[in-house]
Amino acid sequence: MAAQNFLLHIQTSMEIVRKMTLASRPESVNELQKMIKEKFSIDFDFCLSYEDPDFDGQLCSLVDIEELPQKAVLKLVRSESDASSIASDDTIILPHAMTPERAQRWPDVFPVPAFSYEVELILGEGNFNHERTGKTLKLSRGQKHDILETLAAKMHSFKAYPNDKEISLVAEALVTTHPCLREAGSQTGWYGWKNSLKFKMGNFRTKLSRAGYSEVAVNSGKRSRNNPDKQSPHTNIKRPKRAEVNFLPNFPKGEDGASLERQRLQIVDEVMKTDKNLPLIAKLMQTTFSLRRKEVINDDLPVGEILERWPALKMESQMCAEFHRITNINLKKHFYAELDRHVPRLQSLFRKKAARTGKVSEVLDQLFNTYDLQEQVDVNVRRAAVLRALPTYLHEDDSGFLKLWDQALSDEPQIDNIPVGLLLISATSTDAAVFCPEKVAVVLEGNTVVDFPTFADAFVMLFALIYALHLFTRKTWPIHLTSSKKC
């Protein structure tokens with residue numbers, strides 16, 4: 001029997017849809033992407049999503065080529081690293097009206113930069129001699145200073161406060177690239193370089209602080225010989241948390257606090273309009289990013305006051321855009337791609353646990369019995385089931401994070417004691433409300449901020465608000481939320 005062709009209906013942009021026929025299934029998703037690039041002359045990186053026939057045409061990330069239907073509708077989603085990306089209904093890519101101070105996170109392999117012309121000549125000769133004789137190079141004070149200063153500037157381009165492990169990786173990368181710099185008698189060959197880099201980064205931050213660089217200046221001016229009454233320099237250090245790339249940027253060139261405040265007021269006026277100018281709001285939110293971060297990080301304003309001053313942060317598009325400004329990561333695309341990839345394995349893991357005995361197993365068994373009785377199980381229900389089962393599997397009481405509000409039984413939800421959480425809103429008290437509530441609201445400091453149609457949407461937008469409002473100091477964070485944040 002002859003093999004059937006694969007017929008693909010490919011949306012390459014918002015306006016253009018192309019047709020493609022394949023004689024057989026490609027060997028991998030990467031091969032399919034390469035074929036699409038060649039056939040339609042596409043010059044940007046992208047991921048593929050397909051309309052899943054099992055879930056009424058809902059878009060699903062194409063991770064495994066075996067999931068590709070014989071007759072498929074595909075959509076190209078530009079990679080977040082592609083600077084020419086534009087916003088679409090399914091993925092929100094930040095339009096880079098301004099160049100961020102940092103465009104990359106800390107790399108897995110540290111790229112050793114080029115040094116001054118003199119130092120590069122000496123290192124080239126030293127590496128050649130080291131390869132022949134094994135002799136290490138002795139540097140002058142000025143040459144070592146040039147190497148450390150250049151490495152400190154490169155480290156700062158990724159992170160202002162690298163940790164001990166990251167500095168070790170830089171020192172190791174240096175002696176790996178230039179073996180003539182290895183230290184005789186050192187077990188690692190780079191321990192002395194590591195210590196020198198630690199001190200150099202401290203000096204580098206001090207210079208930047210004196211020059212007015214906000215990210216490090218925020219931690220200056222503490223207790224010293226001239227200011228004995230101020231707090232200790234080792235307390236309340238404000239530094240980027242996990243994944244934060246643009247933590248506390250300076251004001252844009254040509255702007256000051258007064259001009260940015262005028263733009264903030266313009267945002268408030270625009271958000272209040274019925275017919276909002278969304279491109280203008282996005283542009284103004286991008287320009288005022290540094291002012292907003294100053295208020296969030298330096299001024300430490302309450303959540304309610306921040307959201308009152310910046311009402312655009314209650315808009316889904318601006319929640320995602322703010323997360324992108326801080327981390328350079330497309331939150332929804334990345335979160336859903338990873339969640340959908342792990343859902344089958346997590347469901348299998350949770351069901352195995354549910355088949356055992358014990359209190360946790362009983363709760364999981366009840367949860368998945370309700371899930372199996374759902375008339376329609378789409379991608380949103382599958383996501384909700386996994387996210388709801390996760391805290392139980394981790395032996396955590398999520399009653400302080402998740403609340404169910406049956407509107408038929410009470411006029412107001414009991415959320416006064418919830419600092420960070422989600423409120424499942426339903427008109428009737430049924431088991432289905434666990435997975436398919438009418439809407440799910442994000443709760444911060446005992447108040448509902450914004451609501452969404454699905455549990456997963458509310459969960460991921462809570463992530464965005466945690467970064468946008470810098471809520472990392474919360475002592476009452478659920479374990480499962482912390483675990484998800486590390487994924």
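Author: Two residues are in contact when they have heavy atoms within 4.5 Å. Please keep in mind that this is a predicted model.

Reader: Thanks! With that in mind, which residues is Leu-444 in contact with, leaving aside its neighbours within four places in sequence?

Author: The partners are Val-303, Ile-418, Pro-419, Val-420, Val-449, Leu-462, Leu-465, Leu-469 and Leu-471. Each of these has a heavy atom within 4.5 Å of Leu-444.

Reader: What makes a group of residues a nonpolar core?

Author: The members must be buried residues of kinds such as Leu, Val and Phe, joined through side-chain atoms within 4.5 Å. The largest core here has 73 residues, and Leu-422, Val-442, Leu-444, Phe-455 and Leu-469 touch the most other members. Helix α15 (residues 455-468) gives the largest share of this core, twelve residues. A second, separate core has 29 residues, including Trp-106, Phe-110, Met-155 and Met-201. In soluble globular proteins, nonpolar side chains tend to be buried together.

Reader: Why does Asp-340 count as buried?

Author: The cut-off for buried is under 20% relative accessible area. Asp-340 has 15% relative accessibility, so Asp-340 counts as buried. You will find Asp-340 in helix α12 (residues 331-354). Apart from neighbours within four places in sequence, Asp-340 is in contact with Val-379 and Arg-383.

Reader: What makes the pair Asp-340 and Arg-383 a polar contact?

Author: The N or O atoms of such a pair must be within 3.5 Å, with one able to donate a hydrogen and the other to accept it. The side chains of Asp-340 and Arg-383 come to 2.8 Å, so the distance passes that cut-off and the pair is listed as a polar contact.

Reader: How do you know that the length of helix α7 agrees with its number of residues?

Author: At 1.5 Å a residue, the 16 residues of α7 (residues 257-272) should span 22 Å. The end C-alpha atoms of α7 are 23 Å apart, which agrees. At the start of α7, a side-chain oxygen of Asp-256 reaches to within 3.2 Å of the backbone nitrogen of Ala-258. The buried residues of α7 include Leu-260, Ile-267 and Val-271, and among the elements covering the buried residues are α8, α9 and α10.

Reader: How do you know that strands β3 and β5 pair?

Author: Pairing takes at least two bridges. Five bridges join β3 (residues 46-52) to β5 (residues 71-78), so these antiparallel strands pair. One example is Phe-46, whose bridge partner in β5 is Arg-78. β3 also pairs with β4 in the antiparallel sense, over four bridges, and there Tyr-50 has Cys-60 as its bridge partner.

Reader: Why are β2 and β4 called edge strands?

Author: The open sheet runs in the order β2-β1-β5-β3-β4, with mixed pairing. Strands β2 (17-22) and β4 (58-61) each pair on one side only, and that is what makes them edge strands. Neighbouring strands of the sheet are turned by 35° against each other on average, direction ignored. Helix α1 (residues 29-40) lies across β1, β2, β3 and β5, at about 120° to β2.

Reader: What makes β3 mostly covered?

Author: Five of its seven residues are buried.

Technical notes. Residues are numbered from 1 along each chain as its sequence is written. This is a predicted model: local features need pLDDT of at least 70, side-chain atom pairs count only at pLDDT 80 or more; totals for chains, interfaces and linings use all residues. Side-chain values use heavy atoms; hydrogens and water are left out. Helices (H or I, at least four residues) and strands (E, at least two) are DSSP runs, numbered from the N terminus. Axes are lines fitted to C-alpha atoms, for helices over the stretch in contact, and angles run from 0 to 180 degrees between N-to-C directions. The expected span of a helix is 1.5 Å times one less than its number of residues. Buried means under 20% relative accessible area, exposed over 50%, partly exposed in between (1.4 Å probe, protein chains only).
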